[in-house]
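Reader: Before we discuss particular elements, could you set out the terms and conventions on which the answers will rest?

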Amino acid sequence: MKAFNHVDAKSVADAAAALAGGKAVLIAGGTDLLGRLKDDILPTYPEMLVNVKTIPNLDYLYAQDGGIKIGAATRLADIAANLALQNDYTALAQAAARVATPHVRDMGTIGGNITQLHRCWYFRSAGNRFNCLRKGGTTCFAVAGDNRYHSIFGAVNGCFAVNPSDLAPALIALDAKIVTNKRTLAAQDFWDVKLPGNTVLAVDEIVTEVQLPPPGKGAQSTFYKFAIRKSIDFAIVNCAVSTTGTSARIVLNGVAPKPYRATKAEAAIAGKPINDANADAAGAAAVADAAPLPGSKYKVQIARTLVKRALLAVAPKT
Amino acid sequence: MPDYGPSGDRKDFKYIGGNTIGALSLSIAKGYPKFPQDIVVPNMLHGKFLRSPYAHARIKSIDITKAKALPGVVAVLKWDDPALKPFQGTTNSVLDDEADKWDQEVGAVVVAETEELCDQALALIQVEWDVLPFYLDPLDSMKSGAAILQPKRDPKSNTTFINWTQGDIEAGFKEADQILEFDFNESMTTAFHPNPAVGVAWIEGDEYGPGGQTMIMHGGATNGANPMASNQYTRAWGWTGDQFRYPNMWQGGRYCDFGTRRSTTIAPILAKLTGRPVRLIQSRQNQFDCTNVPIRHLHFKIGLKNDGRITAVYDTMIGEAGTRGSAALGQNGDLKYNPFYTTLCKNLKTDGTISATNTSTVQFGQPHPFVWHNMTLALHKIAEKLGMDPIDVALKNIHGNANSSGPLGPDKVILANMTGQDDAAPQPSLVAAIQAAKKLYDWQWPKPNTKKLADGRMHGISFHFGMCPRHGETYYSMFAYINQDGRVIMPLRGPWRGIYTEDICRMAVAEEVGIDPKDVVLKYDTNAFTHMIGGGSDAGTGSTYWARECGVKLKAAILERAAPMLQNNLNNPPAGTTPPATPYKLTPADLDTKDGTVFLKADPTKTIAFSALLSQGVLAAVAAGKPPPSAWMTTQGRVTDLMDAIFCEVAVDTETGAVEISKWVLAADVGKVMRLRSLEGQVEQSMIINTGYGLGEEWVFDKATGVLLNPNLIDYKKPTMLDRTPVDMTFLESRAGNGAYGGGGISHNIASTTLVTCAVWNAIGVWIDPPITPDKVLKALGKA
């Protein structure tokens, strides 16, 4: 690892000021960042790490006005263990519980999880061996290379790497809001594909809070994750579903450069009882627009299955 | 059953068969060990190699001027530096101008005050590369016209050939009612070990030694802190062997990785050159430098009678030899350990083609452990062909445990020309193992693709039988003496690398000497001659043969010393105590030992402590030699003894392609359980290996560049603890092994790449090469 300056931010404003020059990065849990720095995967190396764990009052989780507010520095383990979330925002608690390993969940934060960089073994090859599109290069090496873990819904800005966040689909499914030092965004609008970032955040913009709206009457949600191993792995496909009355929000991740809102699946199930046939039809609709790469075709079947199973999991019990 | 081991018929065990606290595992649990990466000393420099960005390239030109000029850089050596010349060989060098795999050390090494300065200096080295053709698969490198990868080894070919034949293969096929042919392909799996390879070295003054200075070397050769490793330095520098010390005992667990890393080799050279301690440590990525199972393409042709009996087996293997420095090329001797020798079929032929590649160093040159995967696969392919239960196929074909020389003689020598391939009687050890396994699991062989579980997944099972190799064929040396406090001390040369042989050796010594194993102290000393490791973990029981012998000798010495001393004590009691009416006249036969004391058998209250015996001088024993030859090592299965049986149960989700191993069942005749916890641990680790091979582990290369895409533990799918499947296991004790008390061994033959493959076939009716990942399952089912 190369040397860098490390500063403990006293406030969000301090941290934002440090970021403004574009040569610093935030560190909270550091579970994504430190791996990137050790492997030196990017063409440039940050001059400074700005520690946001020292900012007071960024680590909280409480109910307010019928909803839940979660500080950006709240650890994933705390989110997974929270009873209110487990009961009323099940998908989020389940998603947090499936992130990586217990150690990572004890360190990683909700802010870090939703802003982590994408997974692509070309992008993350050590020493910037593959200077891809997301690093300012001209090639997405996955297109002609081994793309078994890549997008099934095409590229964004030429990139086929997938967003790996487990929390992202849950937050979109739950219609969460993400608060920064500059604005409040619907979770749906939070993710993007940039050089190399994965969010719409400006250079000096910092996530401070995640807000969950009051759960609707009879609301149910769930989260499914498919990976080769039962721990550590990023999702090959994950899926969050929330239902209120006869409508559903269905979100996939690990399948596209941004979390994928399966609107055709939502339309397919809207107003219908959730049974095996309807859930299966929704699963098929979820992947109707899939355009997988040769190596990622199998993910289409998995995505379809996860949508079906997640819907059946939240179906009213008769 | 023959009684191979000494005291094979002993019944009264106080310690053997139970558990002791592992001497080394206790240290680890307490956090005492210092592994090579923990070694940091004052005034230490850091070293780093230039590494190749290409899978195969030669340096056309290199300019190190700017790197040398960087403040904080102490030295930059090119491969042709005079200091490195003596360490360059024909097939492998500490450094040269050619890399034949991605990320390989090549061209230059930098020494600087910090690791970061090393990185900066490396970035300043200007290299013009001659990028050369590379091959990631032996099928490509063996083609006519392929570029020659290792011209110094062979300027004309990348390939070597090996073959073995027994009997008349053509006659065997003529005799057959049916001919079965099939292919099987294995992916590369890593020999990754969790502790990074490190070289740390420095020179210390030595006021007693003839050379006046000593090279301290941490990291050592990966296979041991072997003093022989210093030979290359003594030759180059004119130093003597005793000027090298290897104090680092802790190297971490590893599996059949015998390679010395360049970081380890070069550290003493750089320390001598700079006059300061130098440390080189491999990164996590660098650690993916050695394969455990290389790529192999197998083809089988098997002649069958309609009742399932095998009449001929012709198997061909195309395997990769890896890069320079690999152990594999031309050294696939383990191919001759053909598991079909355990069958009644005598018509067997094996052809092997081994071809160099640009993937990895292949330190583990043999096919998968003793080729048992061939047998497992064949059993199920035959079962498929004939609609049989694979256990019935096995029992139809395995030969008995008689041999052509009749019962083993009193010398218990197993001759290489012995065979049991005429003995059609049931093999008792295997029959007992299968029966024991069936007590743990309700084995009901379903037709493939027929049994659906309540949750909708498909159920499948598979069967594997094997014969424990116990390849402890090296010489073992044991030394034990009584300490001042009465405990037994066993000086022992390290390093520790994950094999708990030492604990069972001290249990054998304790059993014989008559002392609690916790009072047998393993005293690690790099200068000690004695060692207990060799030939793999199976060899642990082989080493107990001589540990027991050492204990027997030490006990004899104790009793010899004790007899006159105790006699004197008893006949001359302290003042005021009445002497015995009839003076004692003791011989060693009158005495025995217990809990660190010698007692009079006729009156156990009459004792003398071990420590008291030292007033007349040292009490020590040495025992050394090979254990008796094992049936497997000597006859490659033509004579059978200890067998084992494994069941694998899987559930396959046909909608997602997920495969879950729901149960492992193992029943093994281990001869004699020595230390139960170690034995269970060996089984657990083998099943973890099977899980990894079966479901996730493989090296993935970018085919356009030859760059390894998954050199980390996120993308390389080694099983986690949550992926561990419970193992129901039971052990049988036929006492027919070649270790002490008839103990055998376990591990190598129960590791299998094919158990999961066969179980998945049983579940869904299609054959899939490992690792059986969801993409392959869904593709095989027509869903991807």
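Predicted model: local features only at pLDDT ≥ 70, side-chain atom pairs only at ≥ 80, totals over all residues.

Reader: In which sense do strand S6 of chain A and S8(A) run relative to one another?

Author: Strand S6 of chain A covers residues 177–180 and is joined to S8(A) by four bridges, one of them placing A:Lys177 as the partner of A:Gln211. Strand S5 of chain A, residues 67–71, is likewise joined to S8(A) by four bridges, and there A:Ile68 stands opposite A:Leu212. The sense in which S6 and S8(A) run is antiparallel.

Reader: How many of the six residues of strand S8 of chain A are buried?

Author: Buried here means under 20% relative accessible area, with exposed being over 50% and partly exposed in between (1.4 Å probe, protein chains only). Strand S8 of chain A spans residues 207–212 and is largely enclosed by the rest of the structure, because the number of its six residues that are buried is five.

Reader: Which strands stand at the edges of the open sheet in chain B, and why is one side of each without a neighbour?

Author: The open sheet has three strands in the order S9-S14-S18 of chain B, with mixed pairing. Each edge strand has a single partner strand, so one side of each is left without a neighbour in the sheet, and the two concerned are S9 (189–190) and S18 (361–362) of chain B.

Reader: Which residue in S18(B) is the bridge partner of B:Cys290?

Author: Strand S14 of chain B, residues 290–293, pairs with S18(B) in the parallel sense over two bridges. In S18(B), the residue bridged to B:Cys290 is B:Thr361.

Reader: What area is buried between chain A and chain B?

Author: Contact, meaning heavy atoms within 4.5 Å, involves 29 residues from chain A and 35 residues from chain B. In chain A, A:Trp121, A:Arg129 and A:Arg229 lose the most area to chain B, together 22% of what that side buries. Buried area is the accessible area (1.4 Å probe) that two parts lose on being put together, summed over both; carbon and sulfur atoms give 59% of it here, and the value is about 2,800 Å².

Reader: How many salt bridges does the rule find across the interface of chain A and chain B?

Author: A salt bridge is a side-chain nitrogen of Lys or Arg within 4 Å of a carboxyl oxygen of Asp or Glu. B:Arg284 forms one with A:Asp39, the closest N and O atoms being 3.6 Å apart. Over all chains the count comes to 55, whereas across the interface of chain A and chain B the number is five.

Reader: Which helix gives the largest share of the side of chain A that touches chain B?

Author: The residues of that side divide into 13 nonpolar, five polar and 11 charged, where Ala, Val, Leu, Ile, Met, Phe, Trp, Tyr, Cys and Pro count as nonpolar, Asp, Glu, Lys and Arg as charged, and the others, Gly among them, as polar. The largest share, seven residues, comes from residues 297–314 of chain A, which form helix H12.

Reader: What is the N to O distance in the salt bridge of B:Asp485 and B:Arg487?

Author: B:Asp485 counts as partly exposed at 41% relative accessibility, and B:Arg487 is also partly exposed, at 32%. The side chains of B:Asp485 and B:Arg487 meet with an N to O distance of 2.8 Å.

Reader: Is B:Leu722 buried or exposed?

Author: B:Leu722 is found in the loop between helix H15 (676–695) and strand S29 (727–732) of chain B. Leaving aside its neighbours within four places in sequence, B:Leu722 is in contact with A:Lys230 and A:Ser231. With a relative accessible area of 54%, B:Leu722 is exposed.

Definitions and conventions:
Residues numbered from 1 in each chain as written. Chains lettered and ligands numbered in written order. Heavy atoms only, no water. Pairing = 2+ DSSP bridges.
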